[in-house]
Amino acid sequence: MIYLNDNKDWIIKTKFNPKKTIDYVDSLVREINSDLNGKSTNGLNSKQYDLFNSNIDPLNKIMISILEKQFDNFSFLNVSAWTVCGEEYGYHSIHQHSDEGVQDICTVSYLKTPQEINPHLSGNIFFIMRDSLNKINIVDLSPKEGDIYIFPCHVFHGTYPQSKGPRQTLNLDYRVTFK
């Protein structure tokens with residue numbers, strides 16, 4: 001599924017099986033301290049772990065194979081990696097990963113999502129998209145376990161507070177170049 005907005009901003013939604021990825025990410029997290037300082041992650045029980053200096057080669061192998069199915073004739077170099085573990089009322093403030101003009105893309109993979117859905121606490125991810133005339137539109141999506149969202153790093157995004165239960169994402173950003 002592709003969400004295009006006159007091709008200025010875009011989102012691709014695809015799927016993967018997160019089972020082995022969860023175990024591997026959790027094994028990396030055991031050796032890292034959570035750090036929310038200066039991050040978009042918010043919430044009393046929310047944690048964010050920087051994975052970039054860990055052995056993320058298996059994670060990159062999975063994600064790059066997914067990216068290569070979406071984009072022909074491009075190479076991908078990982079430039080950042082982290083995981084976020086959230087609980088009830090956790091959310092992400094509106095943010096972007098880089099300025100427009102930087103040819104990086106974001107991937108947000110949902111490893112776990114809450115089973116209990118509270119209509120007042122959706123946990124949805126939202127994107128602030130611009131059309132060719134810079135008119136702003138909000139794209140609001142309800143992530144499920146195994147969903148991956150791919151989008152340019154300059155696109156502003158965030159999440160609404162989530163309902164009770166764990167939510168975990170794996171976030172990998174890539175520099176994109178022509179092969």
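A: Trp-10, Phe-71, Phe-74, Phe-76, Tyr-174 and Phe-178 come together as one aromatic cluster. Bear in mind that this is a predicted model. Across the structure, there are nine aromatic pairs.

Let's follow the cluster into the strands. Phe-74 stands opposite Phe-178 in β12. The strands behind that contact are β5 (residues 74–86) and β12, which pair in the antiparallel sense over twelve bridges. β12 has another partner too: β7 (residues 104–112) pairs with β12, again antiparallel, over eight bridges. Within that pairing, Ser-109 has Leu-170 of β12 as its bridge partner. As a reminder, strands of a sheet pair through backbone hydrogen bonds, either parallel or antiparallel.

How enclosed is β12? Nine of its twelve residues are buried, so β12 is largely enclosed by the rest of the structure.

The loop between β11 (156–159) and β12 (167–178) holds Tyr-160. Tyr-160 counts as partly exposed because its relative accessibility is 33%. Together with Ile-136 and Ile-138, Tyr-160 forms a nonpolar patch on the surface, and the three share about 290 Å² of accessible area.

β9, β8 and β11 make up an open sheet of three strands, in the order β9-β8-β11 and with antiparallel pairing. β9 (136–141) and β11 stand at the edges with a single partner strand each, so one side of each has no neighbour in the sheet. From one strand to the next, the twist averages 20°. Strand β8 (residues 125–130) pairs with β9 in the antiparallel sense over six bridges.

Most residues other than glycine have a negative phi. Asn-134, in the loop between β8 and β9, has a positive phi of about 65° although it is not a glycine. Asn-134 has a relative accessible area of 43%, which means that it is partly exposed. Tyr-89 is likewise not a glycine, yet has a positive phi of about 75°. You will find Tyr-89 in the loop between β5 and β6 (91–92), which brings us back to β5, the strand that pairs with β12.

Conventions
Residues numbered from 1 in each chain as written. Predicted model: local features only at pLDDT ≥ 70, side-chain atom pairs only at ≥ 80, totals over all residues. Heavy atoms only, no water. Patch = residues over 30% accessible without salt bridge, like charges linked within 9 Å, V, L, I, M, F, W, Y side chains within 5 Å. Areas by Shrake-Rupley, 256 points an atom, 1.4 Å probe, with all protein chains shown as cover. Salt bridge = Lys/Arg side-chain N within 4 Å of Asp/Glu carboxyl O. Helix = DSSP H or I, 4+ residues; strand = E, 2+ residues; numbered from the N terminus. Buried < 20%, exposed > 50% of the residue type's maximum accessible area, 1.4 Å probe, protein only. Pairing = 2+ DSSP bridges. Axes fitted to C-alpha atoms, helices over the stretch in contact; angles between N-to-C directions. Phe/Tyr/Trp six-rings, centres within 6.5 Å; stacked < 30°, edge-to-face > 60°.
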